[in-house]
Amino acid sequence: MESIIFLGFNLYAWITIITVLSMFTVLLFTKLRADLVFLGAIAILFVTGVLDAKEAFSGFSSTSVVIIGVLFVVVAGLTHTGVLQWIVKHLLGQPKSYSKAVIRLMLPVAGLSSFLSNTTVVALFVGIVKMWSKKLGISPSKLLIPLSYASGMGGVCTLIGTPPNLIISGLYADKTGSVMNVLATTLPGLFCLAIGVLSIIAMRKLLPDRKAPETAFESTSDYTVELLVPTDNAHVGETIAEAGLDNVRGGSLIELVRFDKEVLSPVPSDEFLLGGDRLVYAGQIDEILDLKKSHGLVNADHHVFSMSEVDKNRQLRTAYVTFGSSLINTTIGDSTFEKDNSMTLVAVARRGKRIEQTPRNVKLEAGDTLLFECPPRVNISTSDLSSQLQFFDSAQVPNIGRKTFVSTTIMILMVVLSALNIIPLLQCAFLAAIAMLVFRCCNVDQAMKAINWEILMVFAGSVVLGVAIQKTGIAERLAFGILDVCGTNPIVVMAAICLVGTFITEFISNTAAGAMFFPIMYEAAEKLGYEPYTFLIALMVSVSSSFATPIGSPTHMLVYGPGGYRFSDFIRIGLWMNFIILAANIFITNIVYPLTPLH
């Protein structure tokens, strides 16, 4: 089979190419889970004989993948002891100008993201930045894109800050036997971060000035109608369904308040109607008010469905529809979502404007803002909703105390011991994770829940794809092809591969991009007669520099809804950022790590 050659590639190479292209197509255009897609790709490569058993499962024993898994536990300790929340609270301050606000925001976020999960950092900052922006009189949309960009650029500054750095450095160690220092990317990363911050300030006019989505929900009386059932009403004694009051033209019944303040939500259709009941509807107010004539209802003497009473009897929670959510292109009314999760949809906003339509009949889009009413004891953070919705107001803020200091010390020791090469990074990570458990910064249950198995599967799959691309000769052929186009100038070749890597990672996982481009960059460097180290440092920065689309990074997805952004908002400023950071990357990497000829 290997002897069959077509366009310079053998059969195994073509199987790999088709598998990789099919995998990326499925990830882009379907809602299938990424871990299942990667697992399917591994299975195809194994069953067809492209990889043997050891190669097919090499990703699961990869040092970099194990480190990522262990670091989830370390981050759990930091999160549950309030370290991140304390930093957020004390670092932002009250800057007097937009430029100072950007600096006060981006530098701490980048610093945290150098050692912690970018997604965790951004999720913690989003709610704070929204409140902070209101205090400063700045639109949240002017600060949330810089927040996401800072997390990505900060992650590049250490090997543990972003998964591609760990993957690429792990593959480099496997290939050469040399281990990269945990701070190998610090100087190039800091330089690119400085250029990025200055670029954001200089291009502030390209940042959209969007209305925050939740402003559409500030006054509950603007989108709910409360009607009272008189004691002599003809429908008293009938069920809600029999009276025709459950789903009415222009709205839906979201709550029933008894005269003794008992609250029913969602309202069962077989619930009997009593005199003095208050019916709370959400939807198009003018159409709902027709119930006064058709069903003999009257206006309630005051609007009890207000924020002050919500605190006592119920909770209003804001959520954003994530990219890839199964709710996209569906309506809440056509599913059992509300019943399954014990919550009621009250309103829907899109790009900062409430949709004047029955909420349960709105066909949802990615980035839509949803307002839910929930019972007081619903803990949304533990509900199985993370793949569909992102809630920002449900995080539990822990108490700051002795354990906060302990977990901070553990993290600092982990970084210092690894950076000074006293203990290898893998051992450091294990010791830090064990210390977090021993000193009770988090418990075993919290540690296990913190490990994102889907992400680990994607990382392991990325490593295996890199092995297949290398083994089948695809990397070598692509490296030769780039050399044919770009000549033998190492800077030009480096820039060309980084440019392609930067734009590929706008549409696929940066981890997958790093694993895919590692063998290509490595082969190209060797063909030119240079040590691959400098080339790989540049690659690490480039595959984490995705600024131009909201699907380019999970952190972009986190800010997309809260910022009220449109897809084009990222393109306007992100394309410029891609080219600026690429130029800064190539420039500084070759200064810090001059090209070294192979001996």
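Modeller: N329 is exposed, at a relative accessible area of 53%. Exposed means over 50% relative accessible area, buried under 20% and partly exposed in between, with a 1.4 Å probe and protein chains only. This is a predicted model, where local features need pLDDT of at least 70, side-chain atom pairs count only at pLDDT 80 or more, and totals for chains, interfaces and linings use all residues. Residues are numbered from 1 along each chain as its sequence is written, and side-chain values use heavy atoms, leaving out hydrogens and water.

Colleague: What is the phi of N329 near?

Modeller: Near 65°, a positive value in a residue other than glycine. N329 lies in the loop between β9 (315-321) and α14 (337-341). Helices (H or I, at least four residues) and strands (E, at least two) are DSSP runs, numbered from the N terminus.

Colleague: And R440, buried or exposed?

Modeller: Exposed, at 64% relative accessibility. R440 has a positive phi too, of about 60°, and is not a glycine. Its loop runs between α16 (425-438) and α17 (444-450).

Colleague: Step back. How many helices and strands are in the chain?

Modeller: 24 helices and 13 strands. The chain has 599 residues, and 54% of them count as buried. Of the contacts with a separation of 6 or more, 78% are between residues 24 or more positions apart. A contact means heavy atoms within 4.5 Å.

Colleague: Where is confidence lowest and where highest?

Modeller: Lowest in helix α13 (residues 307-313), with a mean pLDDT of 47. Highest in helix α10 (residues 186-202), at 95. pLDDT is the predictor's confidence in each residue, from 0 to 100. The chain mean is 80, and 85% of residues reach 70 or more. Over residues 393-397 pLDDT stays under 50, and the model has 9 contacts beyond four places in sequence for them.

Colleague: On to helices. What span should α6 have?

Modeller: Helix α6 (residues 98-113) has 16 residues, so at 1.5 Å a residue it should span 22 Å. Its end C-alpha atoms are 22 Å apart, which agrees. The expected span is 1.5 Å times one less than the number of residues.

Colleague: Which residues of α6 are buried?

Modeller: Among them are Y98, A101, L105, P108, L112 and S113. S113 sits at 0% relative accessibility, so it counts as buried.

Colleague: What does S113 touch?

Modeller: Beyond four places in sequence, S113 contacts N118, V121, S151, G154, G155 and G161. S113 and I160 are 47 residues apart in sequence, and 9.3 Å apart in space, C-alpha to C-alpha.

Colleague: S148 next. Where is it, and what does it touch?

Modeller: S148 belongs to helix α8 (residues 141-155). At 1% relative accessibility it counts as buried. Not counting residues up to four places away, S148 touches T555, H556 and V559.

Colleague: Strands now. How many residues of β12 are buried?

Modeller: 6 of the 6 residues of β12 (residues 369-374), so the strand is largely enclosed by the rest of the structure. T369, L371 and E373 point one way, and L370, F372 and C374 the other. In a regular strand the side chains alternate between the two faces of the sheet.

Colleague: Which strand pairs with β12 over 5 bridges?

Modeller: β10 (residues 344-350), in the antiparallel sense. L345 has F372 in β12 as its bridge partner. Two strands pair if DSSP finds at least two bridges between them.

Colleague: Why is β3 largely enclosed?

Modeller: Because 4 of the 5 residues of β3 (residues 224-228) are buried. Antiparallel to β3 runs β7 (residues 278-283), joined by 5 bridges. E226 has V280 in β7 as bridge partner. β8 (residues 298-299) is also antiparallel to β3, over 2 bridges. There L227 stands opposite N299.

Colleague: Last one. What lines the largest cavity?

Modeller: M153, V156, G189, C192, V541, S545 and I581. Its volume is about 30 Å³. A search of the whole structure finds 1 cavity of 30 Å³ or more. On a 1 Å grid over the protein atoms alone, a cavity is a set of points where a 1.4 Å probe fits but cannot get out, and lining residues have an atom within 4 Å of a point. Points are joined across faces, edges and corners, and the volume is the space filled by probe spheres set on them.

Note on methods: On a 1 Å grid over the protein atoms alone, a cavity is a set of points where a 1.4 Å probe fits but cannot get out, and a pocket is an open set with protein on both sides within 12 Å along at least five of seven lines; lining residues have an atom within 4 Å of a point.
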